[in-house]
Amino acid sequence: MGLKCGIVGLPNVGKSTLFNALTSAGALAANYPFATKEPNIGVITVPDERLNELSNLVHPLKIIPTTVDIVDIAGLIKGASQGEGLGNQFLATIREVDAILHVVRCFDDDNVVHVDGSVNPIRDKEIIDIELGLKDLETLEKRIDKAGKAAKTGKREDVEVVNWLTQLKTHLLAGKPARSFEVPDTHADLMREMMLLTAKPVLYVCNVDEASSVSGNAYSALLQQAVADEGAGLICISAAIESDIAALDTLEERMEFVKDLGLDEPGVNRVIRAGYDLLHLITYFTAGEKEVRAWTVKKGSKAPQAAGVIHTDFEKGFIRAEVIKYNDYMKYRTEAAVKEAGKMAVEGKEYVVQDGDIMHFRFNV
């Protein structure tokens, strides 16, 4: 399944620098507002050591990781919801992503201009929140107007829709994001259809100085406290350092640099995995001589849905799934040995796929 994350934030907070570190795509990173006018799009691989371990055992012709599309969206400013700073264009781009990586400046540097003149992560976060919320209110007003006309017939379902939308509007007017508003099953389709900006999952990326890349700083601590009730994720990285790491030629050089900083892995790996967790995604694998491949599905997906990620015919004609747990594969080293040990399970349509499953599907079309 395709996954697209959008990087948002005020101008000059490190969005394009983070994008470069994630994708090595060379987006323009400059010390002035609106250096990014058109959204840059890059494709990144999801780091997963299990894929490498499986490949070491199977020795396939190809190794194919799962990927994430990253969109670097130009900096938003006050008034973006009214079109300021090309705001309508930027907000339309945000509407198309699955999750938001909200980069917040949490470092002092007199050489990097701040659009509002000082570093204040709470204020900066709220500026973005307000603009996204105002755009959502605009969308909601139109939907309430449309639903209100339908409700004039007195039909119970239409009246209930108006009441629910009005409650959602009150929630947004209180400064709360749509993602923290309870959505009953009866209105889930309507909620998805509206594509509200504040309904999208958010990962706050605190862009800190090098010395704070391991445990954060006072700025990131303030932001963490401010978002504690949002149900959002938060992570601290130094985008400048990550960009330096990404520029190194070999994996060995990168890991040596990372260890010198006191980290276990590059911060961008943590960002990608945190985005995965935010969207409740898991990975399963297929393994054979031709290829070892990682596939992405929503947590809670059943075997036919997982098969459908490979090809729709697999889901339509699903018969069964042969499943090996990752740890069993690592223990017995070959598929034949796993079978001999009785550790290969044959699962039907109701099997819920688990993270790390190695699966082979039987189907008939």
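Modeller: Just after helix α9, G262 adopts a positive phi of about 85°. This is a predicted model, in which local features need pLDDT of at least 70, side-chain atom pairs count only at pLDDT 80 or more, and totals for chains, interfaces and linings use all residues. Residues are numbered from 1 along each chain as its sequence is written, and side-chain values use heavy atoms, with hydrogens and water left out.

Biologist: What makes α9 a helix that lies largely in the open?

Modeller: Buried means under 20% relative accessible area (1.4 Å probe, protein chains only). Of the 10 residues of α9 (residues 251-260), the number buried is 1, so α9 lies largely in the open.

Biologist: Which residues of α10 are buried?

Modeller: In α10 they are G267, V268, N269, V271, I272, G275, Y276 and L278. Just after α10, H280 has a positive phi of about 55°.

Biologist: Why are α1 and α8 called roughly parallel?

Modeller: Angles under 35 degrees count as roughly parallel. The axes, lines fitted to C-alpha atoms over the stretch in contact, with angles from 0 to 180 degrees between N-to-C directions, cross at roughly 30° for α1 (residues 15-23) and α8 (residues 239-247), and come within 8 Å. The two helices are therefore roughly parallel to each other.

Biologist: Which residues of α1 and α8 meet?

Modeller: With contact meaning heavy atoms within 4.5 Å, T17, L18 and A21 in α1 meet A239, A240, E242, S243 and A246 in α8.

Conventions
Helix = DSSP H or I, 4+ residues; strand = E, 2+ residues; numbered from the N terminus. Parallel < 35°, antiparallel > 145°, perpendicular 65-115°, else oblique. Buried < 20%, exposed > 50% of the residue type's maximum accessible area, 1.4 Å probe, protein only.
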